[in-house]
Amino acid sequence: MKYTSLALAAAGVVACMQPAAANDWNAPQAPFALYGNTYYVGTHGLSAVLITSKQGHILIDGGSDKSAPQIARSIRQLGFRVEDIRLILNSHAHFDHAGGIAELQRLSGAEVVAGSAAVPVLRSGQADKGDPQFGNLAPMAPVAKVRAVGDGEVITLGPLAVTMHATPGHTRGGASWTWTATEQGKPARMVYADSLNAFAAKPFRYSGDPAYPTARADLERSIATVAGLPCDVLVSAHPEGSDLWQRYARRAALGSAAFIDNTACRTYADKARVRLATQLAQEETP
Ligand SMILES: [Zn+2]
């Protein structure tokens, strides 16, 4: 079967593929509470999550360059100060998740934290030559203060603690992030999942490519990592990839319980496994 990016978008499995889809990515979205101290502040098509505390906030992802003003506005609309963001974490260094980070850093002064292979990409704004989508990637505004973190490392800010889980494969420096949010005494295990989709720009091959020889093995491991995360509330880098809007629709009736689904990480991983199999099959076809 031949997928177009729109068909993939409709199937909820697209990630960071076509710059042409960028207008839809930035469709407006009112910010809302996900659970406890954690809020959705992204656009309708690109996730960004704010984890708040009295000692400053952590923002995960900055959308595209066009998303940044909307994200800043959403944060202010919730009653928080953009200047109180101390750390900006990144899922992966593609223009649709990291393109807005430079501007959000300028507004906040926050330090940026990412997987080590993402650091040179963020600092230069130039795509990684080992990126499976190299050649299809728009450049980004370079980011000033970027710190590398490794698998299992815990990033703390006042009472906040967020754990980094290395999830390479979609990119070499991909990361997923987990933390606990509490609401009315009830903790929920929160996951911000990186894109796990095997998308390649020709001539890259997941089945073996000198530009990134471990791409397939990395992605298989990352899919297993996300499937195994403690996971009550999942937000994926592209919100439709984890059915966020279906859960959002139930929020009026259920409150934040609408977002809880402890099978969500496994379902998300299953979709990524299917996408990888499709990609490998396509690489077999001349
Ligand atoms: Zn991507």
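Arg216 and Glu220 form a salt bridge in which the closest N and O atoms are 3.0 Å apart, a salt bridge being a side-chain nitrogen of Lys or Arg within 4 Å of a carboxyl oxygen of Asp or Glu. Arg216 and Glu220 both belong to helix 7 (residues 215-227), where they are four residues apart, about one turn of the helix; helices (H or I, at least four residues) and strands (E, at least two) are DSSP runs, numbered from the N terminus. Arg216 counts as partly exposed at 37% relative accessibility, and Glu220 is likewise partly exposed at 37%; here buried means under 20% relative accessible area, exposed over 50%, and partly exposed in between, with a 1.4 Å probe and protein chains only.

## Basis of the model

This is a predicted model, in which local features need pLDDT of at least 70 and side-chain atom pairs count only at pLDDT 80 or more, while totals for chains, interfaces and linings use all residues. Residues are numbered from 1 along each chain as its sequence is written, and side-chain values use heavy atoms, with hydrogens and water left out.

## Other salt bridges

By the salt-bridge rule the count comes to eight. Among them is the pair of Arg106 and Glu103, whose closest N and O atoms are 2.9 Å apart. Arg106 and Glu103 are three residues apart in helix 5 (residues 101-108), and are therefore separated by about one helical turn. Arg106 is exposed, with a relative accessible area of 61%, whereas Glu103 counts as partly exposed at 32% relative accessibility.

Another salt bridge joins Asp84 to Arg81, with the closest N and O atoms 3.2 Å apart; Arg81 is partly exposed, at 48% relative accessibility.

Seven strands form an open sheet in the order 1-2-3-4-5-6-7, with mixed pairing. Its edge strands, each pairing on one side only, are strand 1 (32-35) and strand 7 (146-149); two strands pair if DSSP finds at least two bridges between them. Neighbouring strands of this sheet are turned by 30° against each other on average, direction ignored.

Within the sheet, strand 4 (residues 57-60) and strand 5 (residues 85-89) pair in the parallel sense over four bridges, and Ile60 stands opposite Leu89 in strand 5. Helix 5 lies across strand 4, strand 5 and strand 6 (111-115), and runs at about 165° to strand 5. Contact here means heavy atoms within 4.5 Å, and axes are lines fitted to C-alpha atoms, for helices over the stretch in contact, with angles running from 0 to 180 degrees between N-to-C directions.
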